[in-house]
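Please work through the exercises below with the sequence and the structure at hand. Each task is followed by a solution in steps.

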Amino acid sequence: QVQLVESGGGSVQAGGSLRLSCAPSTSVASFDAMGWYRQAPGKRREWVAGRLNDGTTNEADSVEGRFTISGDSAKNTVYLQMDKLQPEDTAVYYCNAEYYSETGTGYWGQGTQVTVSS
């Protein structure tokens with residue numbers, strides 16, 4: 001069973017930065033895609049950023065220019081660098097990993113809380 005271990009959440013003031021980390025129990029390179037999602041209280045989980053196996057990355061319009069997803073094969077970790085954080089970024093952030101050959105929504109981390117105060 002694949003496990004994803006997240007870290008790096010916390011509380012910051014608006015305009016601050018945080019970096020989230022996601023370390024899978026298997027090789028990052030083995031997944032077809034990895035990404036970050038978030039869920040704010042009372043809202044649906046939404047996609048934030050994704051990284052394909054070939055290194056292609058993409059971020060949601062709401063975070064583009066502020067958040068950056070990246071991977072470090074040597075550390076077998078995927079990161080989400082979050083800059084210029086705003087109160088509306090407050091949510092539980094989840095790491096996700098997928099094999100396209102498998103059905104379903106892939107594998108999920110336990111979630112890490114990010115709280116941004118104004």
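The exercises that follow concern a predicted model.

**Exercise 1. The disulfide**

Task: Determine how many disulfides a search of the whole structure finds, and describe the cysteines involved.

Solution. 
Step 1. The search of the whole structure finds 1 disulfide.
Step 2. This disulfide is formed by cysteine 22 and cysteine 95, whose sulfur atoms are 2.0 Å apart. A disulfide requires sulfur atoms within 2.5 Å, so the pair of cysteine 22 and cysteine 95 qualifies at 2.0 Å.
Step 3. The pair links distant parts of the chain, for cysteine 22 belongs to strand S3 (residues 18–24) and cysteine 95 to strand S9, 73 residues apart.
Step 4. The angle about the S-S bond is -80°, and the link of cysteine 22 and cysteine 95 is left-handed.
Step 5. Cysteine 22 has a relative accessible area of 0% and is therefore buried. Cysteine 95, at 0% relative accessibility, also counts as buried.

**Exercise 2. Aromatic pairs around tryptophan 108**

Task: Classify the pairing of tryptophan 108 with tyrosine 37 and with tyrosine 94.

Solution. 
Step 1. A pair of aromatic rings is described by the distance of the centres and the angle of the planes. Across the whole structure, a search finds 4 aromatic pairs.
Step 2. For tyrosine 37 and tryptophan 108, the distance is 5.0 Å centre to centre and the angle between the planes is 65°, an edge-to-face pair. The cut-off for this class is an angle over 60 degrees.
Step 3. Tyrosine 37 lies in strand S4 (residues 33–39) and tryptophan 108 in strand S10 (residues 107–108); they are 71 residues apart, and the pair links distant parts of the chain.
Step 4. Tyrosine 37 has 21% relative accessibility and therefore counts as partly exposed. Tryptophan 108, at 29% relative accessibility, counts as partly exposed.
Step 5. The rings of tyrosine 94 and tryptophan 108 have centres 6.5 Å apart and planes at 85°, so this pair is edge-to-face.
Step 6. Here, too, distant parts of the chain are linked: tyrosine 94 is in strand S9 (residues 91–98) and tryptophan 108 in strand S10, 14 residues apart.
Step 7. Tyrosine 94 counts as buried because its relative accessibility is 14%.

**Exercise 3. A charge over two rings**

Task: Which rings have arginine 45 over their face?

Solution. 
Step 1. Arginine 45 lies over the face of tyrosine 94, at 3.8 Å from the ring centre.
Step 2. Arginine 45 also lies over the face of tryptophan 108, at 4.7 Å from the ring centre.
Step 3. The two rings that arginine 45 covers are themselves an edge-to-face pair, tyrosine 94 with tryptophan 108.

**Exercise 4. An aromatic cluster**

Task: State which residues form one aromatic cluster.

Solution. The members of this cluster are Phe31, Tyr99 and Tyr107.

**Exercise 5. The largest pocket**

Task: Describe the volume and the lining of the largest pocket.

Solution. 
Step 1. The volume of the largest pocket is about 160 Å³.
Step 2. Its lining consists of 13 residues, and those nearest the centre of the pocket are Arg38, Ala40, Lys43, Glu46 and Glu88.
Step 3. By class, the lining of the largest pocket comprises 3 nonpolar, 3 polar and 7 charged residues.

**Exercise 6. Positive phi values**

Task: Locate asparagine 76 and lysine 84, and decide whether each is buried, partly exposed or exposed.

Solution. 
Step 1. Most residues other than glycine have a negative phi.
Step 2. Asparagine 76 has a positive phi, near 50°. Asparagine 76 is placed in the loop between strand S7 (67–72) and strand S8 (77–82), and it counts as partly exposed because its relative accessibility is 22%.
Step 3. Lysine 84 likewise has a positive phi near 50°. Lysine 84 sits in the loop between S8 and S9, and its relative accessible area of 53% makes it exposed.

Note on methods:
Residues are numbered from 1 along each chain as its sequence is written. This is a predicted model: local features need pLDDT of at least 70, side-chain atom pairs count only at pLDDT 80 or more; totals for chains, interfaces and linings use all residues. Side-chain values use heavy atoms; hydrogens and water are left out. Rings of Phe, Tyr and Trp (its six-membered ring) pair if their centres lie within 6.5 Å; planes under 30 degrees apart count as stacked, over 60 as edge-to-face and the rest as tilted. Helices (H or I, at least four residues) and strands (E, at least two) are DSSP runs, numbered from the N terminus. Buried means under 20% relative accessible area, exposed over 50%, partly exposed in between (1.4 Å probe, protein chains only). A charge sits over a ring if NZ of Lys or CZ of Arg is within 6 Å of the ring centre and within 35 degrees of the ring normal. On a 1 Å grid over the protein atoms alone, a cavity is a set of points where a 1.4 Å probe fits but cannot get out, and a pocket is an open set with protein on both sides within 12 Å along at least five of seven lines; lining residues have an atom within 4 Å of a point. Grid points are joined across faces, edges and corners, and a volume is the space filled by probe spheres set on the points. Ala, Val, Leu, Ile, Met, Phe, Trp, Tyr, Cys and Pro count as nonpolar, Asp, Glu, Lys and Arg as charged, and the others, Gly among them, as polar.
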